[in-house]
Amino acid sequence: MIPPSFDYHAPRSIGEAVSLLANLGGEAKLLAGGHSLLPLMKLRFAQPAHLIDLGRIPDLRGIREEGGELVIGAMTTQADLLGSSVVRSKVPLLAEGAGTIADPQVRYKGTIGGDISHGDPGNDQPALMIALDAAFVLTGPKAKRTVKADGHFLGLYSTQLAPDEILTQIRIPIPPAGSGWSYQKLKRKTGDFATAATAVLLQMKGTNVVKVAIALTNVGPTALRAKAAEDALLGRPINESSLAEAARLAMSICAPTADQRGDAEYKTAMCGEMTRRALQAAAARAKS
Amino acid sequence: MAKMHQVSFKLNGKSVAVEVEPRELLIYTLRERLAHTGPHIGCETSHCGACTVDCNGMSIKSCTVLTVQCEGAEVLTVEGLERAGVLHALQQAFHEEHGLQCGYCTPGMLTRAYRLLQENPNPSEQEIRYGLSGNLCRCTGYQNIVKAVQSAARKLATTPAAA
């Protein structure tokens, strides 16, 4: 399977990439890790006349800590995240999530920015980003703007990223020490998308939840924030009744598409189970 | 037809240059232009891992990478594992532990296991299984592949020059 013909561009700076994108207009696609785009091109679901490869722009790569935030270049790979000591120590939810994505070879190529920008509800980074309250820097020909992860994902393959913008940076507030985290993902096999997955980040005071974020993967047209489930847990301990209530509320916003991974009822039930497990694991890791 | 691109890279330590259309996938350049048929075409959809090669210190599926993305890269295929006619410790261990039956997945398994041991010279069984989870084998049930990687890791620990 060979992709249709296209012209290839390999800019060396963000500015060069943005102006190429502006000049080529709707005929161009950005190439990040390529593990979603190239398969789509092989199948003729995408037939861009131009590919702009972001892989040769050093400023788009790297992880650094800056003023209480982790600042990650959009072309940083999932393998970079998994192997980063600063990610593991400061934002372990991100390392845990990255480790569940695809397989080793795909993680060497797949990027955090590509994962976010593709807008596929099966991708894992959107829910992780929502749970972590991340912000995205979108760079256009005239200006940069920063948008919150919660609200960025508009629908199937649709995000706030405008056609002339490039996601250049991901900014994640470093969670307070003692936060608990978990990403629980049910998949049929390595390399498959989630049947259902849940990201949780929480803080406890004594035995009670004082702050919690819950986000769901692959049970709707986008990653979903389970706001009602979060609210129901505030001020309560993690026990059988609060877990059952949170799982029920998370399931109530699920609208999965039936496919080979299961029918809607099964996927919704698995989302409830992943939510329950993620909350339990996060609470067990939290220190008040 | 799209504009052709000159692409130069190192293949198993030797400089090579090819002229390709941007849409040409690395697996085809390796197999059809450069006669390196070790990397196999299995699924062609980045699932099976038979086309795995090492590129700039990363294991990649060469069916899902464009040759133009490899300008200046250092590429290693299974053909580059042996040294002066002596099999690499991993190749020898796959032979001794019977880590293959039909052999179709083997070049990908070997190049992937090579990078795994570079990054983690003493992996646990679980780390080997996780590290090789992007490579499918339909014959062995993986047991002897895991044994072979463990055996190679032990051998390399005592003779690191062979790494």
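How many bridges join strand 5 of chain A to strand 10 of chain A, and in which sense do the two run? Five bridges, and they run antiparallel. Keep in mind that this is a predicted model.

Let's stay with strand 5 of chain A for a moment. Strand 10 covers residues 166–173. Find Glu69(A).

Strands 4 and 5 form a hairpin with two residues between the strands. Look at Gly67(A) in that hairpin. Gly67(A) takes a positive phi near 50 degrees.

Next, the core. The largest nonpolar core has 139 residues. Which residues have the most contacts inside it? They are Leu93(A), Leu94(A), Ala131(A), Leu132(A), Val200(A), Ala215(A) and Ala250(A). Nonpolar side chains tend to be buried together in soluble globular proteins. Take Leu93(A) as an example. Leaving out residues up to four places away in sequence, Leu93(A) touches Leu128(A), Ala131(A) and Leu132(A), among others. Its contacts also include Trp181(A), Tyr183(A), Ala199(A) and Leu201(A).

Now chain B. The domain assignment gives domain 1 as 5–79 and domain 2 as 89–158. Their centres, taken over C-alpha atoms, are 21 Å apart. Domain 1 brings 15 residues to the contact, and domain 2 brings 12. On the domain 1 side, strand 3 of chain B gives the most, with three residues. What is the make-up of that side? Seven residues are nonpolar, seven are polar and one is charged.

Last stop: helix 3 of chain B, residues 106–119. Is this helix mostly covered or mostly open? Mostly covered: 12 of its 14 residues are buried. Among them are Met109(B), Leu110(B), Arg112(B), Tyr114(B) and Arg115(B). What do the buried residues pack against? Three strands of chain B come up: strand 3 (52–55), strand 4 (58–61) and strand 5 (74–76). Helix 2 (89–96), helix 4 (125–131) and helix 5 (143–158) of chain B are packed against as well.

How values were computed: Residues numbered from 1 in each chain as written. Chains lettered and ligands numbered in written order. Predicted model: local features only at pLDDT ≥ 70, side-chain atom pairs only at ≥ 80, totals over all residues. Helix = DSSP H or I, 4+ residues; strand = E, 2+ residues; numbered from the N terminus. Expected span 1.5 Å × (residues − 1). Buried ≥ 20, exposed ≤ 12 C-beta atoms within 10 Å, placed from the backbone. Contact = placed C-beta atoms within 7 Å. Core = buried A, V, L, I, M, F, W, Y, C linked by C-beta atoms within 7 Å. Pairing = 2+ DSSP bridges. Domains from an automatic or database assignment. Nonpolar A, V, L, I, M, F, W, Y, C, P; charged D, E, K, R; others polar.
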